[in-house]
Amino acid sequence: MRIGILACSVFEPELEKVLQDIKIKQLFKDNIDVTYLHFGLHTNLDKLEKDVTASLDKLTLEYDQVIILYGSKCHYRFFEFLKKYNNIITIKPANCLEAIIGDKVVESYVEGKDIYLTSGWVEKFDELNAFSNAVDNYDRLNQFGMYENAIIGDTGVIKITDEMIFDLYEKIQVPVEVEPVDINIFENLIIDAIKKAINAPQKAK
């Protein structure tokens with residue numbers, strides 16, 4: 001069985017590590033390939049929808065099942081424009097933060113004091129600037145200025161250095177903290193999605 005994964009590139013650090021571990025553990029015999037889309041797409045919802053659907057138009061023909069690593073907070077019409085695809089698997093978490101870091105992100109929405117960021121957010125933050133519709137510095141400061149702290153959920157897949165922390169602080173002007181995160185949260189999510197893909201009834205494409 002051929003399984004494709006369509007993912008925002010913000011997932012790349014954790015996803016590559018998880019897929020490597022899955023391969024080493026020989027959990028599945030199925031072929032699993034990943035297609036990444038640009039991290040900055042969430043800043044332009046029209047382009048996000050266009051690129052996701054264009055990718056799915058191709059991938060759903062090439063693969064038996066396609067796992068989509070986007071959520072309802074990535075686009076308000078997310079599940080609406082996915083209705084036309086038969087052989088896709090979606091995830092329950094509403095965005096990358098919930099998928100990788102877990103319940104503490106959901107809990108943080110209530111107080112609204114802290115914003116969590118993943119390793120991918122930190123590593124790929126500058127890609128927003130390279131994206132044609134990326135927010136400018138003023139907008140970025142407004143976006144993060146409402147929070148008391150920015151917390152990096154450290155899954156251990158990349159080394160979070162003091163230089164990276166200071167660089168992020170310079171860009172968002174919010175104190176940056178680091179909290180360890182169990183990568184098994186995300187690994188279990190991916191394993192469950194792969195199992196769903198394997199067990200999904202084969203539908204006409």
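User: Which strands does helix H9 lie across?
Analyst: Helix H9 (residues 184-199) lies across E1, E2, E3 and E4. It runs at about 155° to E3. Axes here are lines fitted to C-alpha atoms, for helices over the stretch in contact, and angles run from 0 to 180 degrees between N-to-C directions. Contact means heavy atoms within 4.5 Å. Helices (H or I, at least four residues) and strands (E, at least two) are DSSP runs, numbered from the N terminus.

User: What should I know about the source?
Analyst: This is a predicted model: local features need pLDDT of at least 70, side-chain atom pairs count only at pLDDT 80 or more, and totals for chains, interfaces and linings use all residues. Residues are numbered from 1 along each chain as its sequence is written, and side-chain values use heavy atoms, with hydrogens and water left out.

User: OK, the sheet. What is the strand order?
Analyst: The order is E2-E1-E3-E4, in an open sheet of 4 strands with parallel pairing. Strand E2 (31-37) and E4 stand at the edges with a single partner strand each, so one side of each has no neighbour in the sheet. On average, neighbouring strands are turned by 25° against each other, direction ignored. Two strands pair if DSSP finds at least two bridges between them.

User: How many bridges join E1 and E2?
Analyst: E1 and E2 pair over 7 bridges, in the parallel sense. Arg2 has Asn31 in E2 as its bridge partner.

User: And what about E3 and its partners?
Analyst: Strand E1 (residues 2-8) pairs with E3 over 5 bridges, again parallel. Leu6 stands opposite Ile68 in E3. With strand E4 (residues 88-90), E3 pairs in the parallel sense over 3 bridges. There, Ile67 has Ile89 in E4 as its bridge partner.

User: Is E3 (residues 65-69) largely enclosed or open?
Analyst: Largely enclosed by the rest of the structure, because 5 of its 5 residues are buried. Buried means under 20% relative accessible area, exposed over 50%, partly exposed in between (1.4 Å probe, protein chains only).

User: Which E3 side chains point which way?
Analyst: Gln65, Ile67 and Leu69 point one way, Val66 and Ile68 the other way. All are buried.

User: Now the core. Which residues touch the most other members?
Analyst: Phe11, Leu69, Tyr70 and Phe186, in a largest nonpolar core of 66 residues. H9 gives the largest share of this core, 7 residues. A nonpolar core is a set of buried Ala, Val, Leu, Ile, Met, Phe, Trp, Tyr and Cys residues joined through side-chain atoms within 4.5 Å.

User: What does Phe11 touch?
Analyst: Leu69, Cys96, Ala99, Ile100 and Phe186, not counting residues up to four places away in sequence.

User: Switching to H1. Where does it sit?
Analyst: Helix H1 (residues 12-25) lies across E1, E2 and E3. Against E2 it runs at about 175°. Its buried residues are Pro13, Glu14, Leu15, Val18, Leu19, Asp21 and Ile22. They pack against E1, E2, E3, helix H3 (96-101), helix H5 (119-123) and H9.

User: What comes after H1?
Analyst: Gln26, with a positive phi near 55°. Gln26 lies in the loop between H1 and E2. At 68% relative accessibility, it counts as exposed. Most residues other than glycine have a negative phi.

User: What is phi of Gln173?
Analyst: Near 55°, a positive value in a residue other than glycine. Gln173 is in the loop between helix H8 (162-172) and strand E7 (176-180). Its relative accessible area is 44%, so it is partly exposed.

User: Where does H2 bend?
Analyst: At Leu56, by about 25°. The bend at a residue is the angle between axes fitted to the seven residues ending there and the seven starting there. Among the buried residues of H2 are Leu48, Val52, Leu56 and Leu59. Their cover includes E1, E2, E3 and E4.

User: Last one. How many residues of E5 are buried?
Analyst: Strand E5 (residues 114-118) has 4 of its 5 residues buried. E5 pairs with strand E6 (residues 149-154) in the parallel sense, over 5 bridges. Tyr116 stands opposite Ile151 in E6.
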